[in-house]
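Subject: Handover of a structure

Dear colleague,

Please find the structure below, handed over for your attention. A short account of the findings follows it.

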Amino acid sequence: MADDGSHDDPQDDAALAALAAGGSERAFRTLYRAYVRPVYWLAHGLVGNPADAEEVTQETFLVAWRKLPGFELAGESLLPWLATICRFQAANRVRRQRRDREHTAAPADESLPDTIDVEQQVVDGALADAILREVAGLGDLDREIFRLCATEGYAYQAAAEQLGVTHGVVRNRLSRIRTRLRTVVKEST
């Protein structure tokens, strides 16, 4: 693992998870930075609003922190495990909100859904899984470009410098990746 806390090697997730399981806040912070955006996007898709998505995202990482000591990473990425935790946390939040609405005498909050759309949650989960599979099928450079630009918010030039390639390589490859992911989304909906 690099001393600067960078997340360049896909194999790093296992090492970072092991360090975080041993109590390393720095390792956990590195994992958090690497995966907070995709977890947030998934949470937002499941709960439907930014405030609840932020809460679900935080709850997801809190649960992950507590479960890391007994966790063994099966693949290269921690994201599928985090996505599973996120789906459970989102379902729990929706159930809690429904239960709270049912037990209050106050008028119903129109911003909250009246029912849980289980079919939509399954579709959202299946879509997230399809996107994760598509990203996992990318080449090493494309996965890193996706991680840096789409997940961590790097600008093209910053990602290019990090990866030792040109700005144009990052821009063109990211465009192709986004086209592939749009196709996955269209096919899944």
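Helices (H or I, at least four residues) and strands (E, at least two) are DSSP runs, numbered from the N terminus. In these terms, Gln97 lies in helix H4, which covers residues 79-102.

This is a predicted model, in which local features need pLDDT of at least 70 and side-chain atom pairs count only at pLDDT 80 or more, while totals for chains, interfaces and linings use all residues. Residues are numbered from 1 along each chain as its sequence is written, and side-chain values use heavy atoms, with hydrogens and water left out.

The overall picture is as follows. The protein has 8 helices and 0 strands. Of its 189 residues, 39% count as buried (under 20% relative accessible area, with exposed over 50% and partly exposed in between; 1.4 Å probe, protein chains only). Contact means heavy atoms within 4.5 Å; among contacts between residues at least 6 apart in sequence, 62% join residues at least 24 apart.

Two helix pairs deserve a description. Axes are lines fitted to C-alpha atoms, for helices over the stretch in contact, and angles run from 0 to 180 degrees between N-to-C directions. The axes of H1 (residues 12-21) and H2 (residues 25-47) come within 8 Å and cross at roughly 130 degrees. H1 is therefore oblique to H2 (angles under 35 degrees count as roughly parallel, over 145 as roughly antiparallel, 65 to 115 as roughly perpendicular and the rest as oblique). On the H1 side the contact is made by Asp13, Leu16, Ala17, Leu19 and Ala20, and on the H2 side by Ala27, Phe28, Thr30, Leu31 and Tyr35. These residues divide into 8 nonpolar, 1 polar and 1 charged (Ala, Val, Leu, Ile, Met, Phe, Trp, Tyr, Cys and Pro count as nonpolar, Asp, Glu, Lys and Arg as charged, and the others, Gly among them, as polar).

For H2 and H4, the axes come within 9 Å and cross at roughly 35 degrees. Residues of H2 including Tyr35, Pro38 and Val39 meet residues of H4 including Leu79, Leu82 and Arg87. The contact of H2 with H4 comprises 13 nonpolar residues, no polar and 1 charged.

Asp13, in helix H1, is buried, with a relative accessible area of 1%, and its side chain is joined to that of Tyr35 by a polar contact of 2.3 Å. Gln97 is buried at 14%, and its side chain makes a polar contact of 2.8 Å with the side chain of Asp52.

Conventions. Polar contact = N/O pair within 3.5 Å; in protein donor to acceptor, adjacent residues only side chain to side chain.
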